[in-house]
Amino acid sequence: MQLRYETNLSAEEYVRQKAWKFAELGSCPLHPGGGCSLARHGTYSRKFPEGTKIARWYCREGRTTFGLLPDCLAARLPGTLLEIEVVLNTVRDSTSQEKAADKLREDIELIGALRWIRHRIFLVRAALAILIERLPAFQKCTPTVSCFQEILGLQFVLPVLRGYAHEHLQMLPAPLGFCPKKRFQHKMGTDPP
Ligand SMILES: [Zn+2]
């Protein structure tokens, strides 16, 4: 199970400072009253950015492992939330998704690049739509990062939205929230375009 590690470190700073060492999990999400044997359980590694580790806890009674994901990193997708937002911004600033795909993924064929882009658009839009429903501050937004950027007056909003969304992260689709895509699709009954 993924949990939020609240931090405003960039991914580079997170790796440089080995900030996973300072992650804290005060109580077990399964046993908030205490009484279980929740304990640190080492770390696991992510490939991007290179050297990234995630602090882990384990509750033996609940047979559950908890990973504390810092606000800068995408959930269930490689890399950072910032990188995902750059993709969305590039699509917005391009005349077509095909042009954006050429720019963003020169390394793969167009069809794969388009799928890669649309996957990210779909997941982020779904998360933003839920936030609009749940958080009065965003009531007037459309489910696009541009609209959230405008409302918050920020160039990049996804890492910050982890904070705004903190009470809803378990039901919000990754990469913003921690809900696995499969479960989310099942719930919503939709497929990515
Ligand atoms: Zn527990």
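His31 is partly exposed, because its relative accessible area is 25%. In this predicted model, His31 is one of the protein donors of a zinc ion. The briefing covers that site, the cysteines, a surface patch and some backbone features.

**Zinc site**
- The zinc ion takes its protein donors from Cys28 (SG), His31 (ND1), Cys36 (SG) and Cys59 (SG).
- These donors lie 2.0 to 2.4 Å from the zinc ion.
- The four donor atoms subtend angles of 104 to 115° around the zinc ion, so the arrangement is tetrahedral.
- Along the sequence, the donor residues follow the spacing C-x2-H-x4-C-x22-C.

**Cysteines**
- The structure holds zero disulfides.
- For Cys141, the closest cysteine sulfur is that of Cys147, 3.6 Å away.
- That distance is too far for a bond, because a disulfide needs the two sulfur atoms within 2.5 Å.
- Cys141 is buried, with a relative accessible area of 8%.
- Cys72 is also buried; its relative accessible area is 7%.

**Nonpolar surface patch**
- Leu154, Val160 and Tyr164 make a nonpolar surface patch of about 230 Å².
- Leu154 sits in the loop between α5 (145-152) and α6 (158-164).
- With a relative accessible area of 36%, Leu154 is partly exposed.

**Cis peptide bonds**
- Most peptide bonds are trans.
- Phe48 and Pro49 are joined by a cis peptide bond, with omega about -15°.
- Pro49 belongs to the loop between β2 (39-46) and β3 (52-59).
- A cis peptide bond also runs from Ala174 to Pro175, with omega near 15°.
- Pro175 is in the loop between α6 and α7 (181-188).

**Positive phi**
- Most residues other than glycine have a negative phi.
- Lys18 is not a glycine, yet its phi is positive, at about 45°.
- The loop between α1 (11-16) and β2 holds Lys18.
- Lys18 counts as partly exposed, because its relative accessibility is 40%.
- Arg63, a residue other than glycine, has a positive phi near 45°.
- Arg63 lies in the loop between β3 and β4 (64-70).
- Arg63 is exposed, with a relative accessible area of 72%.

Terms used. Residues numbered from 1 in each chain as written. Predicted model: local features only at pLDDT ≥ 70, side-chain atom pairs only at ≥ 80, totals over all residues. Heavy atoms only, no water. Donors = N, O, S within 2.8 Å, 3.2 Å for Na, K, Ca; no water. Tetrahedral: all angles 85-135°; square planar, octahedral: opposite > 155°, others 65-115°. Buried < 20%, exposed > 50% of the residue type's maximum accessible area, 1.4 Å probe, protein only. Patch = residues over 30% accessible without salt bridge, like charges linked within 9 Å, V, L, I, M, F, W, Y side chains within 5 Å. Areas by Shrake-Rupley, 256 points an atom, 1.4 Å probe, with all protein chains shown as cover. Salt bridge = Lys/Arg side-chain N within 4 Å of Asp/Glu carboxyl O. Helix = DSSP H or I, 4+ residues; strand = E, 2+ residues; numbered from the N terminus.
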